[in-house]
Amino acid sequence: MFRLTRGAALTGLAVALAACGGGGGTVATVSTVPPAPAPAPSPPTSTPPVTIFAAPVPGEYVSVGASTSDNLSRSTSARIQSISLSEADLPRIRYSSAGYYEIQMPGREWDRLTHYKGIGNPDSGNNYFQPASVPMNYGYLVISKARDSGYKYSELGTWGNLNLSLEGGYGAVAFGVPTPAGAVPVSGSATYSGKISGTTDVLEYDNLYGGTFSHGAGGTVSLVFDFRAASLSGLMDLMIDGGMNPVPVGTYRFRDTVFGAGATTYSGKFETNLPGAANFLGRFTGPNAEETIGAWTVPFVEPATGQVHTAIGAWIAKRP
């Protein structure tokens, strides 16, 4: 589960990742033996490449997700007002023929994706990245390392695209290898099970760094496609961060789904009596629709206060 934040949490992470220095006294020594020659310096170690997919091939991935530009860092009474599920408001990611990942944040040019600059010695297991030309904390992509859970064609992450005033878009994104037209089954059925990630406007004051932080969202999703009948049903279980243990806040069943025979995309709404946007969209990933990625937004009641809040996010799911 990821926590999406603006300036305060980014600064906190930078501090947490910074190396801790140590100090101590020195002792003078006198020797009549000439010192041994200093060993030759070790050759510099190269930074390991960014790793997202286990076997990437050159090309651009498709992205779906939910984003907002609302600044929630100034008050615990702030709320998510603007929500976008548009591709234009999401990062675009591709793998180049030169053998590295590139990212295009909304409103910016394509840039090489590098390890987060606050990490001193990143390894191949790092999951925190940023555009190479952007200062630390002003653009980031954090992935879930879905490959460790058996995903081959899809990834789930959170991102932020901030300017010097820490204003800009942020949200959750799922991206992957798009299923070609004509490759989605038109017979049989399949159940896709997966996980969700996102953010909410349940806010808490950060006494360490100042400002507020948003409680993250997580949970599971299940999608049942009847390919022959061109129908879709399913549900999403939503949880929010609650200290050491996630807090369940609702099960949302699909309604008003739209899925055509052989279509690579789908959409729908969630059953709820609460006010606010409650809808989703998605598309298949993999050569033969082995996986799927989606974007969603729902209202929910925060148990501790009884107030209605908003959650936005993305999902990835796969067939057994």
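## Salt bridges, sheet and cores

The side chains of R94 and E102 form a salt bridge, with 2.6 Å from N to O. The model in which this pair is found is predicted. R94 is partly exposed, at a relative accessibility of 27%, whereas E102 is buried, at 13%.

S96 sits in the loop that links strand 3 to strand 4 (101-104). Leaving aside residues up to four places away in sequence, S96 touches P58 and E102. With a relative accessibility of 11%, S96 counts as buried; the cut-off for that class is under 20% relative accessible area.

**Other charged pairs**

Side chains of opposite charge can pair when their charged atoms come close. Searching the whole structure gives 4 salt bridges.

| Salt bridge | N to O distance | Relative accessibility of each partner |
|---|---|---|
| R94 and E102 | 2.6 Å | R94 27%, E102 13% |
| E60 and R92 | 2.8 Å | E60 38%, R92 34% |
| R255 and D256 | 2.3 Å | R255 35%, D256 47% |

The protein chain contains 1 helix and 17 strands. An open sheet is built from 9 strands, in the order 1-3-4-5-6-7-8-9-2, with antiparallel pairing. Which strands stand at its edges? They are strand 1 (59-60) and strand 2 (62-68); each has a single partner strand, so one side of each has no neighbour in the sheet.

Within this order, strand 6 (residues 128-131) pairs with strand 7 (residues 139-143) in the antiparallel sense, over 2 bridges. F129 stands opposite L141, a residue of strand 7.

In soluble globular proteins, nonpolar side chains tend to be buried together. The largest nonpolar core in this model has 30 residues, and those with the most contacts inside it are L223, L238, F270, W296 and W315. Two or more residues of this core come from each of these elements: strand 10 (189-205), strand 11 (212-226), strand 12 (231-240), strand 13 (247-258), strand 14 (265-270), strand 15 (279-285), strand 16 (291-301) and strand 17 (308-318). Another core, of 17 residues, lies apart from it and includes Y61, I93, L141 and I143.

**The chain as a whole**

Of the 320 residues in the protein chain, 46% are buried. Among contacts between residues at least 6 apart in sequence, 57% join residues at least 24 apart. The accessible surface of the protein chain is about 15300 Å², and 53% of this belongs to carbon and sulfur atoms.

Conventions. Residues numbered from 1 in each chain as written. Predicted model: local features only at pLDDT ≥ 70, side-chain atom pairs only at ≥ 80, totals over all residues. Heavy atoms only, no water. Pairing = 2+ DSSP bridges. Helix = DSSP H or I, 4+ residues; strand = E, 2+ residues; numbered from the N terminus. Buried < 20%, exposed > 50% of the residue type's maximum accessible area, 1.4 Å probe, protein only. Core = buried A, V, L, I, M, F, W, Y, C linked by side-chain atoms within 4.5 Å. Contact = heavy atoms within 4.5 Å. Areas by Shrake-Rupley, 256 points an atom, 1.4 Å probe, with all protein chains shown as cover.
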